Amino acid sequence: AAGPHGQLAAPDWLRSGGYRPTAALADYDGMAACDWPERPGDAYLAVPENLLETLDGFLAEIADLETAAGDGGRQQAIADYFRENFTYDLSSRPPQGEPVTWFLTESRRGHCEFYASATVLLARRLGMPARYVTGIVCVEEHPSGSYYVGREGNIHAWAEVYDRDAGKWRLVESTPAGAIKDYSGEWNFANGLWDRVKYALSSLVASLRRGEVAAVLRRVLFNWVTLAAVLALAWWRWRRFRRNRRTAAGALEGALAHWARLARRREREWLKQGRFKPDPGRTLAEVAALALASSRFGGDEKERIVKFVEEYHHHRFGGQER
């Protein structure tokens, strides 16, 4: 569903359920934007009073504005000026004060949020409705060609400006080159296959969360990637289970191995009875401390817990608490 300003939202959102965006791309030219609202109001022209002088001074620097043809030309002139005279810098941080003024008049370098914010304000100052937009730029296709990959390094901000001549919203990209990192050279057979398996697993879980059991069965039975993902998950969980067991007691022998197994059993019992959230980072003593502080354990049970921990530490660590 789309809100009054073109923002998209999923009604009745189901966590981990996924979603499928669709769009008519037959006439998409790469610079189109969401056409809501069709007649933008005054809210898209608002500019803080304390920025008027800064914006007017900066607009006077852009010589191409004088000969620009219509709103489209003015939008292009602003974007070109930034890309030709400013520098992309992800580490740029403004001092105390107004960040847009500092960006336009002092630093002349910054990340995408500075360029998008400044472009919106400059466009509004010229009478063009404008808005600030954030999202993920998915331009990297997976080597399989099956889907596009969105990374944290693809998070971006840009401006959308209303072209009054054409009656359409247009995307205005004023950030200089370097904002969107190219990861395409980092793929190889192993990580490409592993990413596809992870993608298949996440899609599988999303379908199950949406209740599409029949679709999941068809995919598992007739899609080799999904089947491989299921088998890989089962294998990984088994290996992890075996590795955890070996880590905990594999190096122990005789009585020590016995106490390690017994400790794991007691820990599971205490977690279940106390309804504590499992945490692999907790020691037996820390779990015991939770049990001793809980009202779900009686006095006799707490005495047995203390006694068991003491005996365990004696046999396992020579009496030293871990």
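I take a residue as buried when its relative accessible area is under 20%, as exposed when it is over 50%, and as partly exposed in between. By that rule Glu269, at 40% relative accessibility, counts as partly exposed. I keep in mind that the model is predicted.

**Entry: Glu269 and Arg266**

I looked up the partner of Glu269 and found a salt bridge with the side chain of Arg266, at 3.9 Å from N to O. Both residues belong to helix H8, and being three residues apart there, they are separated by about one helical turn. Arg266 has 27% relative accessibility, so I noted it as partly exposed. I also found Arg266 over the face of Phe308, 5.3 Å from the ring centre.

**Entry: Trp270 and Phe308**

I went on to the ring of Phe308. Its centre is 6.1 Å from that of Trp270 and the planes stand at 85°, so I recorded the pair as edge-to-face. Trp270 is in helix H8 (residues 254-274) and Phe308 in helix H10 (residues 299-317), so that this pair links distant parts of the chain, 38 residues apart. I found Trp270 buried, and Phe308 as well.

**Entry: other aromatic pairs**

I searched the whole structure and got 18 aromatic pairs. One of them joins Phe58 and Phe82, which are stacked with 5.4 Å centre to centre and 25° between the planes. Phe58 lies in helix H1 (residues 52-61) and Phe82 in helix H2 (residues 70-85), so the pair ties together parts 24 residues apart in sequence. Both Phe58 and Phe82 are buried. I then listed the aromatic cluster that holds them: Phe58, Tyr81, Phe82, Phe86, Trp102, Phe103, Phe114 and Tyr115. Elsewhere I noted the charged end of Arg131 over the ring of Trp169, 3.8 Å from its centre.

**Entry: salt bridges**

How many salt bridges does the structure hold? I counted nine. One is formed by Arg108 with Glu61, with the closest N and O atoms 3.3 Å apart. Arg108 is in the loop between helix H3 (99-107) and strand S2 (109-110), while Glu61 is in helix H1, and the two are 47 residues apart. Arg108 is partly exposed at 25% relative accessibility, and Glu61 is partly exposed with a relative accessible area of 36%.

**Entry: Glu140**

Is Glu140 buried or exposed? Its relative accessibility is 8%, so I recorded Glu140 as buried. I located Glu140 in strand S4 (residues 140-141). Its side chain makes a polar contact of 2.8 Å with the side chain of Arg151. Leaving aside neighbours within four places in sequence, I listed the contacts of Glu140 as Tyr148, Val149, Arg151, Asn154, Tyr183, Ser184 and Trp187.

**Entry: helix H9**

Last, I checked helix H9 (residues 284-292) and found Leu284, Ala285, Val287, Ala288 and Ala291 buried. These residues cover an arc of only 160° around the axis, so I placed them on the same side of H9.

Technical notes: Residues are numbered from 1 along each chain as its sequence is written. This is a predicted model: local features need pLDDT of at least 70, side-chain atom pairs count only at pLDDT 80 or more; totals for chains, interfaces and linings use all residues. Side-chain values use heavy atoms; hydrogens and water are left out. Helices (H or I, at least four residues) and strands (E, at least two) are DSSP runs, numbered from the N terminus. Buried means under 20% relative accessible area, exposed over 50%, partly exposed in between (1.4 Å probe, protein chains only). A polar contact is a pair of N or O atoms within 3.5 Å; within protein, one must be able to donate a hydrogen and the other to accept it, and residues adjacent in sequence count only if both atoms are side-chain atoms. Contact means heavy atoms within 4.5 Å. Rings of Phe, Tyr and Trp (its six-membered ring) pair if their centres lie within 6.5 Å; planes under 30 degrees apart count as stacked, over 60 as edge-to-face and the rest as tilted. A charge sits over a ring if NZ of Lys or CZ of Arg is within 6 Å of the ring centre and within 35 degrees of the ring normal. The arc is that of the directions from the helix axis to the C-beta atoms. A salt bridge is a side-chain nitrogen of Lys or Arg within 4 Å of a carboxyl oxygen of Asp or Glu.
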